[in-house]
Amino acid sequence: MAMTSPTTATAVNSVLRVPPASPAAAAAHFGASLAFHADVSDVASALAAGGDPGFVVVDSRSTASWDQGHVPGAVHLPTALIPEQAAALLDPAVPVVTYCWGPGCNGAARAALALAQLGYQVKEMLGGFEYWAREGFAFETWEGGEQRAADPLTAPVDDADCGC
């Protein structure tokens with residue numbers, strides 16, 4: 001079996017064409033990423049634990065979207081209304097976790113930016129409402145509560161913990 005040198009492998013391998021960052025740079029990057037993002041499962045776990053989770057969840061979508069389904073206990077604050085309504089709805093001392101539809105939507109990032117510009121500590125919930133529902137967590141609609149089975153492509157079906 002012929003061995004290829006690292007130089008030859010990286011020249012033809014699109015994964016390693018740009019070499020990985022140094023461990024120190026990777027630690028800084030991924031540490032910063034976790035400061036800006038929260039996982040759907042982690043948010044659900046913190047909310048289910050009872051008591052004060054130490055943050056508030058904000059749904060930044062339209063009223064029609066909110067009515068279709070939202071995280072129980074979330075505050076409805078569409079992105080366009082953040083500048084005029086955030087102070088009345090949110091305590092500036094409490095961190096905020098924003099979400100929108102899903103990974104194909106940047107509405108949660110826009111809401112997080114608007115809140116950060118007003119002085120709020122904020123994280124974006126990765127996956128948004130789509131992954132909340134797909135992972136099998138209960139949600140509320142204008143008709144009441146709903147819950148769907150976990151999608152085996154996004155969450156473990158027979159275990160509450162994915163192990164990550």
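Rings of Phe, Tyr and Trp (for Trp, its six-membered ring) form a pair if their centres lie within 6.5 Å; planes under 30 degrees apart count as stacked, over 60 as edge-to-face and the rest as tilted. With that in hand, let us look at the aromatic side chains here.

This is a predicted model, in which local features need pLDDT of at least 70, side-chain atom pairs count only at pLDDT 80 or more, and totals for chains, interfaces and linings use all residues. Residues are numbered from 1 along each chain as its sequence is written, and side-chain values use heavy atoms, leaving out hydrogens and water.

The structure holds three aromatic pairs. Two of them are set out below.

| Pair | Centres | Planes | Type |
|---|---|---|---|
| Trp101 and Phe129 | 6.1 Å | 75° | edge-to-face |
| Trp132 and Phe137 | 5.1 Å | 50° | tilted |

Which residues do ring pairs link into a cluster? They are Trp101, Phe129 and Phe139.

How exposed are these rings? Buried means under 20% relative accessible area, exposed over 50%, and partly exposed in between (1.4 Å probe, protein chains only). Trp101 is partly exposed at 32%, while Phe129 is buried at 6%. Likewise, Trp132 is buried at 4%, and Phe137 is partly exposed at 22%.

Some rings also have a charge over them, which requires NZ of Lys or CZ of Arg within 6 Å of the ring centre and within 35 degrees of the ring normal. Arg61 lies over the face of Phe129, 4.9 Å from the ring centre. The charged end of Arg134 sits over the ring of Tyr131, at 4.9 Å from its centre.
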